[in-house]
Amino acid sequence: MAAGGLAGLLPAQTQLEYALLDADTAQEKENLVYQYLKKMDSRERDLTVPELGGDLQWLNTEGPISLHKDLCGKVVVLDFFTYCCINCLHLLPDLHALEHQYSDKDGLIIVGVHSAKFPNEKVLDNIKSAVLRYNIVHPVVNDADATLWHELEVSCWPTLVILGPRGNMLFSLVGEGHREKLFLFTSMTLKFYKERGQIKDNSIGIKLYRDSLPPSPLLFPGKVTVDNSGERLVIADTGHHRILVTQKNGQILHTIGGPNSGRRDGRFSEAAFNSPQGIAIKNNVIYVADTENHLIRKIDLELEVVTTVAGIGIQGVDKEGGAKAEEQPISSPWDVVFGNSKCFVVPLHSRGSTFSFSVIHGDSSLTLQKVSGTQEDDVLWIAMAGIHQVWALMLEGGKLPKGSDLKKGVCLRFAGSGNEENRNNAYPHKAGFAQPSGLCLASEEPWNCLFVADSESSTVRTISLKDGAVKHLVGGERDPLNLFAFGDVDGAGINAKLQHPLGVTWDKKRKLLYVADSYNHKIKVVDPKMKNCATLAGTGEASNIIGSSFTQSTFNEPGGLCVEESGGLMYVADTNNHQIKVLDLETKILSMLPILHPEACDVPDNLPVQKDKITNLPKLPKSAPNVQLPSLTVAPGQTIQFLLKLTLPPDSKLNEEAPNSWFITAEDNTWLLQGQCLSGEIRDVSRQTVIPFQLPRSCQSAEAILAIKACLYYCSKGGSACMMKGISFSQPLWIGGTNQGSLTQIELIHTFLTN
C-alpha cells in the first residue's frame, strides 16, 4: 500500500525542488535528480501504488492493465485528470510531447486516471468522447469512484505521479506548467533504472478507440453561429480542426482548414487550426477562437484568407493584457462575440488653445464642434477559459466600462481576477469566473450586458456593459469557492441547477436566454427578468433521438447554440452526436441539419438554372410509381426537409457499387431550383435520407409542383438477379404563407415489392 499517499513523497521532493532552484546548469539539475533517485530507491520500504481493481473500465487498450504485472519494468506517469478541466487540457500537449520522445519500447508508459468531478463524467461513453476529442493516445482507466485518487490522497486536477519499475512512487507534480520538470524527472528515472537493468522493452497492447470510428461529416462540433440574414451558418467543426460556412439547408459554401490540426495563416486550402471553438460573423468576416493554438483568427470570406489577429501561439499566463493583440499571449479562448465599447472623445487638432473634438460614439458632456455617428461591433469579447477571465479585443478605439481610453488593436482583460471562483462583484477585475466557455450579448435595455456560461461553477452570470458589474443569474450557490453546486433542477436563480454549461444565446424577439446545459444533455431557457430557468429540449439522457417534440428528443453534451435574428430557428452544436440540430421555436419541431458537400450535390452556381444540370439527372423506369402528396402551404424563403425512407423487398440488398440517388425536378417551374442541391447519393436504406429544400425568397408563381425522385439498384441476397427501381413523389406547393423562418418536414415513405 501507499504509506501516507503522496504526502510520503513531500519531505524528500520538497528538498529536491529547493535545490533545483539554486542549480544553474542542466548538468547540475540532472545530478541532483540522480542523487534523489538513489536515495528514494534505497529506502527500506517503497512508497507503492495499490493495484487497480480488475473491474475498472479501460480505454485505448486491448483489455485491463495490471500496474504490478503488465507495467512491471516500466516507468509509469499517472495523469489524474477530469475531462472538463481546462488545466488538465493544458497538460495534454506536454504528455503528447513526452510520449513522442519516449515509447513503451524505451520503457515509458503514460496512463490517464480519469477521476470525475461531475456525475456525467463518470460515464464511460462520455470519457470515450473526450479521449477522441482531445486525441489522447495512451491508456485511460475510468476511476469512477475515485478509488486510486483517495488511496494516494490526490487533491487537485491535474496531478501527475511518476512511478519506478516496481510501481514505486518517485515524484508528484500538481497543476499545470511543469513541462521542464516532467521531462527532467522522467528522463533521469529512465536512465537511472536502465543502468540497473530494471527497464523492460516489451510492448503494451494499445488499441486506439479512434481507429474504430466511422467517418462523419462533422466531428465534435463545438460551436455554431448564424449571420444576420439567417441564410448562412458558421460551424466550428472542432474535431476536424476546421471552420465550415454553409447555407441554412446544410450545403457547404466554404471549408476552411482541416482535417489535421496545425497553425497556419493563408488561403483557405492552406490555413490550419487546432480545435477551434467560438465563432462570430459580421458581413463577410468571421472571428474564430482557435482554442488549442491560443489564438484569435480572422477569416475574410471575400479574399478567402485567414490571418491571426491576437495571440502568439503559446499558452499565456498574463492576466492583465494591454499589448498589441498580435503580441499579446492569451490562454485557451473558448468563445467570441461582437459588442460595442463605451464612448470616448478624441481631439482632432488644436488651434492655439482651442481644440476641436470628435465623438467616436456615445454621449459626451463636452461642447463639440464635430460629431460622428455610433460605430457598432467595435469590440470582440473573448471567453478566456484558460485563465478564468473575459477579455476584449479592440477592433476600433474605444473605452471599456470602468476603464481608460484604448487604441485599436489592443487586447486586454475586461472581467475576472484570474482566480477560479464563482465570485460576483461590482468591480469587474475583482469578480471571479471558473472556466467561462460561452458568451452572448443583449445590447438592448434594460439588460445591456454580456451573458456568460461559466462552466466549472455551473452558473450563468451577467457582466453589465454600463459599469462592468458581474452578477449571478442562475445556477451554482452563494459560496464563491464552492464549484461543486451542480445538478439538474428547473427553478429560479440559485434554486436552479445546471451541470457544466458551455453555451448561451440571446433571443432578441422573445427576450429570452437559451443555455446549452452540456452535461445534463439539455437546452434550457432562462427569463432574465424573473431569473426562471426551465428545460426547453432534451430528456437528460445522453443519446441521439429526434422525437416528436423538444422534450422527447435527446442530445449528447451540446456545446454551443445560436438563434437567428428573426427568432424562428435555433441551431445547436450537438457535440458528442457530431451533428447540428435545428429547433423550430414556432412549431416546436426538431430536426438534424444535413451537411452537404459540393461534390455530393449538383448545385447550380447562379441564375438561371443551367439546362445541362437538369438533363444530366437520372431517368426513372416507366414502371416507377408516382405518389401524389397533399398540397402544402409554404412561404417564400421557407425551408422544407423531405425525409426519404425506402424499404427493399425481403432478402434484397442495395448494390453499393451502383449510382443510387435521389433528385429533384420541377418541370414547368425551374425557377424553384435556383441555388438548390438537385441530387445526392443514397448510401444506406436502413437510415432515413434527409433532402433539404429552400424556397426562393422571390417566387414567380403562387402555385408549383415539386417532384422528389429516387433511383435504386438492388440485388437478391443470393446474387441471382439485380434490378433498377424508381419512385417519384409529387409535392404540390401553394406559396402564400408568411412564416418564412419555420421548418416543415415531409415524410416520403415507400416499400418496393418483390417482382
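**Helix packing and a buried alanine**

Author: Helix H1 passes helix H6 in a right-handed crossing. The model is predicted.

Reader: How is the packing of H1 and H6 described?

Author: Two packed helices are described by the angle between their axes and the distance between the axes. H1 spans residues 10-22 and H6 spans residues 179-195. Their angle is about 115°, and their axes lie 14 Å apart.

Reader: Why is H1 called roughly perpendicular to H6?

Author: Angles of 65 to 115 degrees count as roughly perpendicular. The angle here is about 115°. Therefore H1 is roughly perpendicular to H6.

Reader: Which residues make the contact?

Author: H1 supplies Gln 13, Leu 16, Glu 17 and Leu 20. H6 supplies Lys 181, Leu 184 and Phe 185. By class, the contact has four nonpolar, one polar and two charged residues.

Reader: Where does Ala 116 lie?

Author: Ala 116 sits in the loop between strand S3 (108-114) and helix H4 (124-133).

Reader: How do you know whether Ala 116 is buried or exposed?

Author: Buried means under 20% relative accessible area. Ala 116 has 16%, so Ala 116 is buried.

Reader: What does Ala 116 touch, not counting residues up to four places away in sequence?

Author: Ala 116 touches Thr 82, Glu 121, Lys 122 and Trp 157. Its C-alpha atom is also 8.7 Å from that of Cys 84, 32 residues apart along the chain.

Reader: What does the UniProt annotation "repeat: NHL" cover?

Author: In an unreviewed UniProt entry, that annotation covers residues 550-586. The span is 0% helix and 43% strand. Its end C-alpha atoms lie 12 Å apart.

Terms used. Residues are numbered from 1 along each chain as its sequence is written. This is a predicted model: local features need pLDDT of at least 70, side-chain atom pairs count only at pLDDT 80 or more; totals for chains, interfaces and linings use all residues. Side-chain values use heavy atoms; hydrogens and water are left out. Axes are lines fitted to C-alpha atoms, for helices over the stretch in contact, and angles run from 0 to 180 degrees between N-to-C directions. Helices (H or I, at least four residues) and strands (E, at least two) are DSSP runs, numbered from the N terminus. Angles under 35 degrees count as roughly parallel, over 145 as roughly antiparallel, 65 to 115 as roughly perpendicular and the rest as oblique. A crossing is left-handed if the near helix is turned anticlockwise from the far one by less than a right angle, and right-handed if clockwise. Contact means heavy atoms within 4.5 Å. Ala, Val, Leu, Ile, Met, Phe, Trp, Tyr, Cys and Pro count as nonpolar, Asp, Glu, Lys and Arg as charged, and the others, Gly among them, as polar. UniProt positions are given in the numbering used here, feature names are shortened, and annotations may be inferred rather than shown by experiment. Buried means under 20% relative accessible area, exposed over 50%, partly exposed in between (1.4 Å probe, protein chains only).
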